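Hello,

Here is the structure I promised to hand over. Please have a look, then read my notes below.

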Amino acid sequence: MTEVQAEPAAEALRAPRVETKSLLSPYRDVLIALTVFAILAALPALSSSKALLDFVIRCAAMGLFATSLNLLVGYTGMISFGHGMFFGLGAYGFGLIMQRTGMPVPLAFAATLATTAVVATIIGSICVRLKEIYFAFVTLAFQMLIHSTILSWSSFTGGDQGLRGGIPRPVFLGIDLSNHVHLYIVSSALLVIGLLAMRQIAQSPFGYTLRMIRDNAMRARFIGIDVWRAKLTIFVLAALFACTGGMVMALFVSGAYPEFAYWTISGEGIFINMLGGVTTFLGPIVGTVLLLLLNDTVTRLTEYYGIVLGIVILFFAIGLKKGLMDFVVEWVAQRRGGAGGRG
Amino acid sequence: MDLDALAGCFVSPACLVTQTTSGLIIGMLLFLVAVGLTLIFGVLKVVNFTHGAFYMFGAYFAMTTYQFTGSFALAMLCGAAGTAILGIIFERVFMSRVYGSDVLMQLLVCYAFVLIFDDVVRMIWGPEFRSMGMPTAFQVAPLFIAGGVVPPYYLLLIGVALAAAIVLGVGLTRTRIGKVVRAAAHNPGMVSALGINTGLIYGGVFALGGMLAGLAGALAAPVRSLTPGMGFSVLIESFIVTVIGGMGSILGALIGALLIGLIRSFGSLGFPLFTEGLMYLFMVIVLVSRPAGLFGKEVA
């Protein structure tokens, strides 16, 4: 596999950047993840607000999607405009499998992931050959191809009406997904597990290989890294997490709509990444929370949602020239008198 | 799928003429939008996501002018000139700030303005569908060519777009200004060192691109309905055109636009539900076989 092949190179690259870490550090991420999950799981007991739980579920769906996009955009330098197709594929795949076959939920979950992996491998092997803006365009084209297929194959997907009639949710392992709190806990768990897994990928030697490809693909090739394979691997992995986000969304809205596969979802993902910042792992999550909060407040206050959102974006793009987390990280680094590095 | 209808059309001259003209007007409008996009990319190296908004503004400006003055020529002029001014302001005040930075930052600024422009139109002209109506000069009986129906306005539309293509092509290759613009596309630093104001060229090219999109919008106003967000689908289609033709190539934009126009008009017969899909499929095939597009220069 690429990982094994890439290991020595990645280690060499990593050496100067190693920070002083405590003995706990290998388990630090796991501990943080467990703590966050404990807090999220305790939330329903502390607050009876359904809106709050809904908000977390939406954050889980979009956050998984946006963070997986950051694996491509921020870590590998592959600007995908079509990442939303896997979000849509997850929502439709899961919805269709549950409606048509009545499989147990975990099995349907695995089957959707497997389907997405196959599709992502096919599309990815075509796309990752292309560079920069051409990669962006061809991913966009595939996204729109899938969107058109969903619209025109209405006997199977419900066309522009979307997949309706609800998603059956048989109880498994004592978990009943039609129960709102159960759905909330499962979504939170998926979010935390997904983030932890992506963190592991990002911090692994393979993750550092990706950063090297981003910074200098030619040098990576010279020291023997199969760039095409590494890019394809991360393309498929990112697709799987985006697909998970899509499944959470399908469960939340109890259906799937063509908008889930439309290019605006990809645009939103890129926007979330820019809002939160692409140089930190948690940037996209911060961006997701920001965008959803902004969405909810602005739509309540004014019908001219676009103007307000547009001005906020301009503030980030022209004013800060970076995402919020990038800004915070740099600010903290400056306060400490050191230079902030890209991790 | 309705392949019989498609096959039937190919043996009937009337149907061929009708479908070809409708393909041509789709293609010509797309060309006007896409050529601005490709020009801006070629010179400024910026993918202008707001281009659809300029098309939209052109249409609304033309409609309002026509309602107030009743003059079709003046409506076209205002549509084109208004968007040119808008283009130069947008470029000088906002886009010029993000030239040096990330492609994503440029996209973000554009995305912000797509949202803002759509809402501005919604504020001024309202959210509902509007229509300009066919100008009285063109409310005449359609022409019949080999049994196919061709409204005279379509001929004007195709003529104007062709004229724009020729003026642009000749202007860029045969005049001094064209030479300077091409030089700025190639090496802005050197052009600037020779004492030419590159900021002015950038602003001018953006204004020209905006003007062409505005003209397309103004020309489309009598035959399409106007709504905030109408630029969206045009933007996506003209992207396909520029990508197929090759970013930065004017001939590529023309050929790409005509191909997409014909695919749309004939595809709607054979694959009524999958017409859009056909365009994307075509784009995928072109990109995979020739990543730089049909007429683009190969990237290293």
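Chain A has a mean pLDDT of 81, and 90% of its residues reach 70 or more. (pLDDT is the predictor's confidence in each residue, from 0 to 100.) Over residues 1-21 of chain A the pLDDT is below 50, yet this stretch has 29 contacts beyond near neighbours in sequence. (Two residues are in contact if their C-beta atoms, placed from the backbone, lie within 7 Å.) Residues 339-343 of chain A also stay under 50. Where pLDDT is low, the predicted coordinates should not be read in detail.

Some ground rules. This is a predicted model: local features need pLDDT of at least 70, side-chain atom pairs count only at pLDDT 80 or more, and totals for chains, interfaces and linings use all residues. Residues are numbered from 1 along each chain as its sequence is written, while chains are lettered from A and ligands numbered from 1 in the order in which they are written.

Now the fold. Chain A holds 15 helices and 0 strands. (Both are DSSP runs, numbered from the N terminus: helices are H or I, at least four residues; strands are E, at least two.) Mean confidence is lowest in helix α1 (residues 2-14) of chain A, at 42, and highest in helix α11 (residues 227-253) of chain A, at 91. The C-alpha atoms of chain A fill a box of roughly 55 × 45 × 45 Å along the principal axes.

Two residues other than glycine have positive phi. S254(A) is near 55° and sits in the loop between α11 and α12 (263-276) of chain A. K45(B) is at about 60°, in the loop between α2 (13-44) and α3 (51-69) of chain B.

Best wishes
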